[in-house]
Amino acid sequence: MKALVYNGARDVSVNSVPDAKLEKATDVLVKITTTNICGSDLHMYEGRTNVEKGKILGHENLGIVIEAGKAVERVKVGDRVCLPFNISCGFCENCERGLTGFCLIANPGNAGAAYGYASMGPYSGGQAELLRVPYADFNCLVLPPDAAEKENDYVLLSDIFPTGWHATELAGMRPGDSVAVYGAGPVGLMAAYSAMIKGASKVLVVDTHKDRLALAEKMGAIPIDQTDDSCIEKILSLTNGQGADCGCECVGYQCHDHAGHEVPHLTMNHLVKSVKATGGLGVVGVFMPQDPHAADALAKQGRIAFDMGEFFTKGQRMGTGQANVKAYNRGLAKLIEAGKAKPSFIISHELPLDKAAEGYANFDARKEGWTKVVLKSAA
């Protein structure tokens with residue numbers, strides 16, 4: 001089969017590799033029809049993780065089941081399925097509590113497993129023609145009859161739509177709240193979109209990329225261009241001087257200031273200043289335990305210079321971590337089926353799998369107009 005393989009920093013290629021196959025009776029084999037390049041894939045692409053050479057990347061996957069293990073009962077050959085990026089067993093303590101992003105079984109010795117990602121287990125990714133899906137009865141979201149015609153909407157259920165929704169949940173967002181979102185990448189746009197679906201009175205989106213801010217404005221959010229550090233004052237002026245009711249951090253450890261310098265703590269501290277006293281913060285931007293290539297000594301150890309004093313004084317609360325996709329994907333699928341959500345508006349480019357390296361290079365360069373890239377397999 002063909003698959004996108006990591007060869008080293010900023011070096012990926014589509015190679016012929018051994019076919020994915022069933023390994024356990026609880027697996028299914030999926031023919032991938034759509035798979036996405038995620039912003040967090042760029043951490044690996046840029047050489048900022050310990051991902052091994054030869055790893056097949058890709059954790060945002062959708063396709064058709066072509067083979068099922070003998071122990072699989074619910075999922076059938078021919079089903080069109082979307083796969084949560086989290087691989088979870090369904091029966092450990094965390095999975096039983098709905099915290100499937102922190103499964104204790106799928107990646108022994110760690111809390112959490114995923115397809116094609118550094119330190120998230122031995123699993124190959126889905127930027128390929130075929131994908132092995134473990135614990136298939138639990139992990140496969142079988143899609144509605146309109147899945148083929150809305151495939152670009154449903155594939156976003158694998159990660160970024162639930163992750164954006166998760167950001168608003170972590171922030172404690174309620175109908176009528178004002179919400180500040182730092183980052184207008186795919187996840188930030190989905191956080192803003194989720195806040196609007198949930199009845200936010202005002203959504204303020206901060207970024208430096210004008211093309212992404214234009215998408216935020218198009219959906220009805222208020223774009224705030226962070227070309228200087230006045231973004232905090234702008235948010236305060238739009239919220240009667242109090243700050244937003246809650247806020248979402250959707251950038252992570254590779255955030256940059258307006259001059260293009262990497263400042264790992266910037267968005268976190270701006271968020272504290274932008275959200276009112278007693279407000280909630282939802283942090284879904286990726287922060288790593290170690291980052292050897294970081295810009296400063298603290299960040300190399302996975303630490304940031306966080307304004308803990310202001311956070312404490314304001315009595316704010318914070319929720320963090322990757323989304324438990326299964327907590328949201330079924331409900332969000334119903335919104336798509338009913339025509340009440342169409343997250344595919346963020347997709348800027350569709351490429352064949354063979355051109356995945358081109359997609360990575362342009363997305364990594366934050367080239368204007370490259371907001372979200374989906375790859376289509378010809379398998």
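1. Helices (H or I, at least four residues) and strands (E, at least two) are DSSP runs, numbered from the N terminus. Thr-33, for one, is found in strand E3, residues 28-37. You are looking at a predicted model, where local features need pLDDT of at least 70, side-chain atom pairs count only at pLDDT 80 or more, and totals for chains, interfaces and linings use all residues. Residues are numbered from 1 along each chain as its sequence is written, and side-chain values use heavy atoms, with hydrogens and water left out.

2. Let's start with the whole chain. It has 13 helices and 15 strands. Its radius of gyration (taken over C-alpha atoms) is 20 Å, close to the 21 Å that the globule rule gives for 379 residues, so the chain is as compact as a globular protein of that length. That rule is 2.2 Å times the number of residues to the power 0.38. Along the principal axes, the C-alpha atoms fill a box of roughly 60 × 40 × 40 Å.

3. Next, burial and contacts. Buried means under 20% relative accessible area, exposed over 50%, and partly exposed in between (1.4 Å probe, protein chains only). Of the 379 residues in the chain, 58% are buried. Contact means heavy atoms within 4.5 Å. Take the contacts in the chain with a separation of 6 or more: residues 24 or more positions apart account for 72% of them.

4. Back to Thr-33. Is Thr-33 buried or exposed? With 15% relative accessibility, Thr-33 counts as buried. Not counting residues up to four places away in sequence, Thr-33 touches Leu-62, Gly-63, Ile-64, Arg-80, Glu-151, Leu-375, Lys-376 and Ser-377.

5. Now for some helix packing. Two packed helices are described by the angle between their axes and the distance between the axes. Here axes are lines fitted to C-alpha atoms, for helices over the stretch in contact, and angles run from 0 to 180 degrees between N-to-C directions. The axes of H5 (residues 160-170) and H6 (residues 186-197) come within 7 Å and cross at roughly 60 degrees. That makes H5 oblique to H6; angles under 35 degrees count as roughly parallel, over 145 as roughly antiparallel, 65 to 115 as roughly perpendicular and the rest as oblique.

6. Staying with this pair, H5 passes H6 in a right-handed crossing. A crossing is left-handed if the near helix is turned anticlockwise from the far one by less than a right angle, and right-handed if clockwise. On the H5 side the contact includes Ile-160, Phe-161 and Trp-165, and on the H6 side Val-187, Met-190 and Tyr-193 are among the residues involved. By class, the residues of this contact divide into 11 nonpolar, four polar and no charged. Ala, Val, Leu, Ile, Met, Phe, Trp, Tyr, Cys and Pro count as nonpolar, Asp, Glu, Lys and Arg as charged, and the others, Gly among them, as polar.

7. H5 also packs with H12 (residues 329-337), at an angle of about 110 degrees and with the axes 10 Å apart. H5 and H12 are therefore roughly perpendicular to each other. Their crossing is right-handed. Phe-161, Pro-162 and Trp-165 of H5 meet Leu-332, Leu-335 and Ile-336 of H12. This contact has six nonpolar residues, no polar and no charged ones.

8. Two backbone angles deserve a look. Most residues other than glycine have a negative phi, and most peptide bonds are trans. Thr-278, in strand E12, has a positive phi near 75 degrees. Arg-366, in the loop between H13 and strand E15 (373-376), has a positive phi of about 50 degrees although it is not a glycine. Arg-366 is also partly exposed, with a relative accessible area of 34%.

9. Finally, a pair of single residues. Lys-300 sits in helix H10 (residues 297-300) and counts as partly exposed at 41% relative accessibility. Ala-118, in the loop between helix H2 (93-96) and strand E6 (130-133), is buried, with a relative accessible area of 7%. Leaving out residues up to four places away in sequence, Ala-118 touches Met-44, Thr-49, Asn-50 and Val-51.
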